[in-house]
Amino acid sequence: MRSFARTHATEVALLAVIAVICTVLSFATANFFSLGNAFDLLNTSSVNIIFAVGLLVVLIAGGIDISFAVAASVVQYGTAIALGWIGGGGWLSGLVIAGSLGICLGAINALLIHRFRIISIVATISTFNIYFGLLMFFTKGVSIYDLPEWLTDRVVLFEHEMADGSWIEITLPVLVMVLCVIATWVLITRTTTGRQLYAFGDNPEGARRFGINIGAMQFIAFGWLGLMAGIGGLVQAHYAQEVVPNALYGRELDVLAAVVLGGARLGGGKGSVLGCVLGVLLIAITQNGLNLMGVSPFAFKMIVGAIILIAITLSNTSIERLLPFVSQKGARR
Amino acid sequence: MQWVLPAAGPASAGLASPFKTVFGHTFMHQLAIAGGSEKPLLSLHDINMTFGGVKALRNVSFDVRPGEVHCLAGENGCGKSTLIKIITGVYRPADGASIEYDGETYSHMSPVTAHDRGIQVIWQDLALFPEMSVAENIAFQTVLGRWPKLVDYGRMRKIATEALERLGITLDVDLPLKEYAIAQRQIVAIARALVGEAKLVFMDEPTASLTQSETDHLLDIVRGLSAAAVAVVFVSHRLAEVLEISSRITVLRDGALVGVYPAAGMTQSRITELMTGKIFDQQVRAKSRQDQPVVLEVKGLSRPGQFDDISLTVRRGETLGITGLLGAGRTELAQTLFGMLQPAAGTIMLDGKPVRFSSNRDAIKAGVAYLSEDRLSLGLIQPQSISDNLVISSLGKVASGGFLSDERKRKLVAGWIADLGVKIGLQGDAISTLSGGNQQRIAIAKWLATDPKLLILDAPTVGVDVGARAGIFDIVAKLADAGLAIILISDEVPEVYFNADRVLHMAQGRMIGSYDPRSASLAEIEGAVYA
């Protein structure tokens, strides 16, 4: 346990912060500390967690992606049209189509970055604009409400009425999210490919000298995020029961902030699935709590921004550096 | 039977290199045909390599025998690293090359083939993965391969523990590598190279950032490898080590082979001559400066845990040498004099007036300049131009009315470049295009442009070639004669011995000895420092 705390300092710190916030909120509000609310949070955070674990893989490999959220919107439209062509389809065909489209869009990013040597933030800001521009141009900003029934029907996998009358339920998005989280965890911690991604992000030149296929790393990382963006897009359409072209616009920065909060490093080589999930949950819990406390929604972004700043400062800077005279070893470069 | 090239004298070493190369090549070729008593493990012929029109290697031949420790010597940029990268498959040599290794002939290597056939490299920058665990770094080969497999962490841990055991080292293999200091990372890099059946290990500057005792330990490891029939190719700037450890020495200069020599009977000055084609004669430069006014006087300076009760004076025109092992507190002392750290007790007087620096900006204003220990990451901004680097600390001089004047900047830079004899292409070229020695000159010029009274040089020759080192100390001597007070910090005792007027020995945060190079011998000071 001691060594877990040492090697997973960020995750432990996040858990502690979440525990503190939950305690405060359960005293400050009447409804926060109920299982019903907890499951609600899980249901509403599913899409963000799916996006987040995808983005995590790109960050670990030393890249960054701004385009995935609008790519998910493109996937929603593409999938809705494709499902029309095949006459309805079902969850399986929907996920396959959405996932493949997402992988294609991710591969475009990887191609730009690897083949044309464009740094990832520039490449994905460009594709962000291109994807969103094309989407708005071709859809003229019109939403799709006419979705297949299987997609808009709520799928409740488990429900239970609590003694106090509230309902706990686990919906399909949660199941998909859990599968995505497990798959990503297996990829990055249990497969050789995942460890190569870490190594590549940590020290690209070192990885190259070992003969690791750099191009493959880019395609795997951005392809995986594309896959997650595609799946996340479909799940979001299911959750919202409509496809709105700008519904996910701006989501990329929320997710990026959560992933970085979870301990991933811009620059690569660092980050864990657990931290990433906790990062998303911390922000979701804070927003939910503020909501229940009746704080104006306009203040949310400000508060979330402040939390991210504080968390990142604490994780980057050891206490000794902040207070140099606490320890004799302090202030050594 | 020992076959070696006849050692080229200083006169012939000055000849245009193509002649030597042709000579060297044919001779080496005969050697390969005639065959020594022992067949070489690795033998290279006709290695040519060109980068952007510049020939990095010209018809180089090189051979390594099984189980020998072979030193590859040469100045920075002579082609050592390029040669290693060709042997390990990172670069592909020009057509016509032949690489014979352990009974097979290749026209070029690939990293995978080299690794599979037991060729391992410990790169100068170590090429480790700091965020990953020690176990993963050591057993990194287990996660290689084109197709995904499941990672076997148990096997990794076992491999790593065994590799460390072979070196007689215990580390927590589950901790991320970044938790360990550079010396331990070096061990990890060596352990990684020993995993699998290593037959040939390259070590590129393995001791550059190690202390003396760590270096001794490393050399023991190298001897152990050699005894276990692993051939080691050793690259180091520290010639004493080279002579101590190797059986043969291959010298390269300007991308061409100078020759192959047995280490027995070689001297440091001889290797330096072969590497540079010049003769260096080191003499004690110390002079008495007792008649000069005191520039810096430090009394009872302390910083808990770093240094304690330090008192010293430096006079105008005087070079004060401070030596001691890594971690003696030298750099912390220097940074305190430069205002980057604050002392807990004691006084600093400049020109007889007490000063208190709250930051290094105050120190620069008061006339203190500090050339940092880590030039590559702290002292210079690598991607920026030579001229921008030079004026960064003295922007006030090149500005008029708040705007930078290109004309003034150009003149100032041209003046310093001429004064210090820096070899550059254009002022606008990135600083990273310069050699280590020339970068160091730019770093010195940057500080001289601030008009300092006191210049603190912290390990000014790290990463600088033997040839260029002498040039740097010539500049230091000139600056001292011009009246600058200089503190010269180095863990290489000969550097301070030959170049300072007085030598202080620092250990565990205290000054424990003071020597005058005119009366003390080098061996006496070295004995005290390395004891």
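**Exercise 1. The contact between the chains**

How many residues does the contact take from chain A, and how many from chain B?

Solution. First, some ground rules. This is a predicted model, in which local features need pLDDT of at least 70, side-chain atom pairs count only at pLDDT 80 or more, and totals for chains, interfaces and linings use all residues. Residues are numbered from 1 along each chain as its sequence is written, while chains are lettered from A and ligands numbered from 1 in the order in which they are written.

Step 1. Take the counts. Chain A gives 22 residues and chain B gives 26 residues.

Step 2. Look at the elements on the side of chain A. Helices H1 (2–7), H9 (192–202) and H10 (204–209) of chain A each give two or more residues. Helices (H or I, at least four residues) and strands (E, at least two) are DSSP runs, numbered from the N terminus. H9(A) has the largest share, with 7 residues.

Step 3. Sort this side by class. It has 4 nonpolar, 11 polar and 7 charged residues. Here Ala, Val, Leu, Ile, Met, Phe, Trp, Tyr, Cys and Pro count as nonpolar, Asp, Glu, Lys and Arg as charged, and the others, Gly among them, as polar.

**Exercise 2. Domains of chain B**

Find the domains of chain B, then describe where domain 1 touches domain 2.

Solution. Step 1. List the bounds, which come from an automatic or database domain assignment. Domain 1 is 10–118 + 197–276, domain 2 is 294–367 + 452–530, and domain 3 is 383–445.

Step 1. Take the distance. The C-alpha centres of domains 1 and 2 of chain B lie 37 Å apart.

Step 2. Count the contacts. 7 residues of domain 1 of chain B touch 6 residues of domain 2 of chain B. On the domain 1 side, helix H10 (residues 268–276) of chain B has the largest share, 3 residues. By class, that side holds 1 nonpolar, 5 polar and 1 charged residues.

**Exercise 3. A strand and its partners**

Which strands pair with E13 (residues 319–323) of chain B?

Solution. Step 1. Two strands pair if DSSP finds at least two bridges between them.

Step 1. Take E20 (residues 485–490) of chain B. It pairs with E13(B) in the parallel sense over 5 bridges. Thr319(B) stands opposite Ile486(B) here.

Step 2. Take E21 (residues 502–507) of chain B. It runs parallel to E13(B), joined by 4 bridges. Ile322(B) faces Leu504(B) in this pair.

Step 3. Check burial. A residue is buried if 20 or more other C-beta atoms lie within 10 Å of its own, exposed if 12 or fewer, and partly exposed in between; C-beta atoms are placed from the backbone. In E13(B), 5 of 5 residues are buried. Thr319(B), Gly321(B) and Thr323(B) point one way, and Leu320(B) and Ile322(B) the other way.

Step 4. Move on to E21(B). It is largely enclosed by the rest of the structure, because 5 of its 6 residues are buried. E21(B) also pairs with E22 (residues 510–515) of chain B, antiparallel, over 5 bridges. Val503(B) stands opposite Tyr515(B) in that pair. The two strands form a hairpin with 2 residues between them, and Gln508(B) in the turn has a positive phi of about 45°.

**Exercise 4. An open sheet**

In what order do the 4 strands of the open antiparallel sheet of chain B lie?

Solution. Step 1. The order is E2-E1-E4-E5.

Step 1. Find the edges. E2 (54–64) and E5 (104–106) of chain B each pair on one side only.

Step 2. Go inside. E1 (residues 42–51) and E4 (residues 98–101) of chain B pair in the antiparallel sense over 4 bridges. Leu42(B) has Tyr101(B) as its bridge partner.

**Exercise 5. One residue**

Is Ser213(B) buried or exposed?

Step 1. Count. Ser213(B) has 12 C-beta neighbours inside 10 Å, so it is exposed.

Step 2. Compare sequence with space. Ser213(B) and Tyr370(B) are 157 residues apart in sequence and 28 Å apart in space, C-alpha to C-alpha.

Terms used
Two residues are in contact if their C-beta atoms, placed from the backbone, lie within 7 Å.
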